[in-house]
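Welcome! Here is a short tour of a structure that may be new to you. Take a look, and then we will walk through a few of its parts.

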Amino acid sequence: MLSFVLSLALAQGYAPPREGTTPLDTEREARVQRLGKQLRCAVCQGVSIADSPASMARAQLDKVRELVEQNKSDDEIYDFFVERYGEWALMEPRKSGVTLGLWVFPLLLLAGGVWVIVAGTRKKPAAPSGPATDAANAAAAEDPFLAQVRADLDK
Amino acid sequence: MTAETKDVAVTPAAAPADTGANKRLVGVGIALAVMALMVYVMARGFGTDPHSVPFLLSGKAAPPFTMKRLDTGQNVSLEQFKGRPIVMHYWATWCGPCKYEIPVLDAVARQYGDKVVFIGVVFEDTEPNAQRFVRELNWSFLQLFDPKSTIAVDYGVSGVPETYFIDKRGIIVTKSISPFESPRELSAMITSTILKD
């Protein structure tokens, strides 16, 4: 609870404003902003560091800028934050490793549900008692077991 | 109908029923497995504090830093403290709980003397604010300034105050995200983490 309150204090801008970092050139700054949208602000509630006005979020975005300037790859930059804050730092879980399950599992569930529905609707109602249909006769003709029974009865 | 014919009639008739039962069994098994997985995920989720930020730097080398001393303006780097256990405390002048924690840190820093290096790091603050605060309170240990909070991000700080315990090999043993309420509490933490060997 205490850490939450303290985090709110940071998130809500009680910290004195500080000088921002100069943006990089257009192309690299666009990359900084794109990466920033994928990284969670450490002191906010579900807001990315690119979208948060919190001073700490700006510090995190500055770190992204610094890493972009060092020509680090996207994965290296994500790894930097994951190493410090865990997978929690990513706004969207990665589509690899253990977190791949978070993407695949709902699709599997959906596919399973569709399969259950299709299998349920395909199932024919129990054949009514009475004369057999032509289709049933045709099936019976193909069934070697029934053919054997018929042959035995005919004897 | 002969006995032989009866045998033939019974065996194949049982097969479709078995297949249906097996299918049902597989279905129930899958449903149970899915439910067990969901219960496991929910139990794990409910067992954690949704507001806490995970910290994965424990057991890893402390990120290097060079910061300015608030009293003399000289640069200080982590390298200078190689081979000595460190208590690194992040704080800010606008942070209420930090003020209550100051006497605790000060007392323990005096108690350990040269055995443990105590470093205060002011971040998310202005330098004049921090300098005035340090002068007024007459801290007994080193106070550094992180003007753009870049060192705080390097260390994975997610609030104030936060205290890092770094052993003499330069490895972060753990961090505390809540203020220490008594010298005894902080002392016990130091003994059980960076002075354990």
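This is a predicted model: local features need pLDDT of at least 70, side-chain atom pairs count only at pLDDT 80 or more; totals for chains, interfaces and linings use all residues.

Ser187(B) sits in helix H5 of chain B, which covers residues 183-192. Leaving aside residues up to four places away in sequence, Ser187(B) touches Gln111(B) and Tyr112(B).

Next comes the sheet of chain B. Seven strands form an open sheet with mixed pairing, in the order S2-S1-S5-S4-S3-S6-S7. At its edges are strands S2 and S7 of chain B, each pairing on one side only. From one strand to the next, the twist averages 30°. Strands S4 and S5 of chain B run parallel and are joined by 5 bridges; Gly120(B), for example, has Gln143(B) in S5(B) as its bridge partner. Helix H3 of chain B lies across S1, S3, S4 and S5 of chain B, at about 170° to S5(B).

Some elements of chain B, with their residues:

| Element | Residues |
|---|---|
| Strand S2(B) | 75-77 |
| Strand S4(B) | 117-123 |
| Strand S5(B) | 142-146 |
| Strand S7(B) | 172-176 |
| Helix H3(B) | 127-137 |

Finally, visit helix H2 of chain A, residues 26-37. Glu29(A), Val32(A), Leu35(A) and Gly36(A) are buried in H2(A). Viewed down the axis of H2(A), its buried residues fall within an arc of 120°, so they line one face. These buried residues pack against helices H3 and H4 of chain A, while the face turned away carries the exposed Thr26(A) and Glu27(A).

Conventions. Residues are numbered from 1 along each chain as its sequence is written. Chains are lettered from A and ligands numbered from 1 in the order in which they are written. Side-chain values use heavy atoms; hydrogens and water are left out. Helices (H or I, at least four residues) and strands (E, at least two) are DSSP runs, numbered from the N terminus. Contact means heavy atoms within 4.5 Å. Two strands pair if DSSP finds at least two bridges between them. Axes are lines fitted to C-alpha atoms, for helices over the stretch in contact, and angles run from 0 to 180 degrees between N-to-C directions. Buried means under 20% relative accessible area, exposed over 50%, partly exposed in between (1.4 Å probe, protein chains only). The arc is that of the directions from the helix axis to the C-beta atoms.
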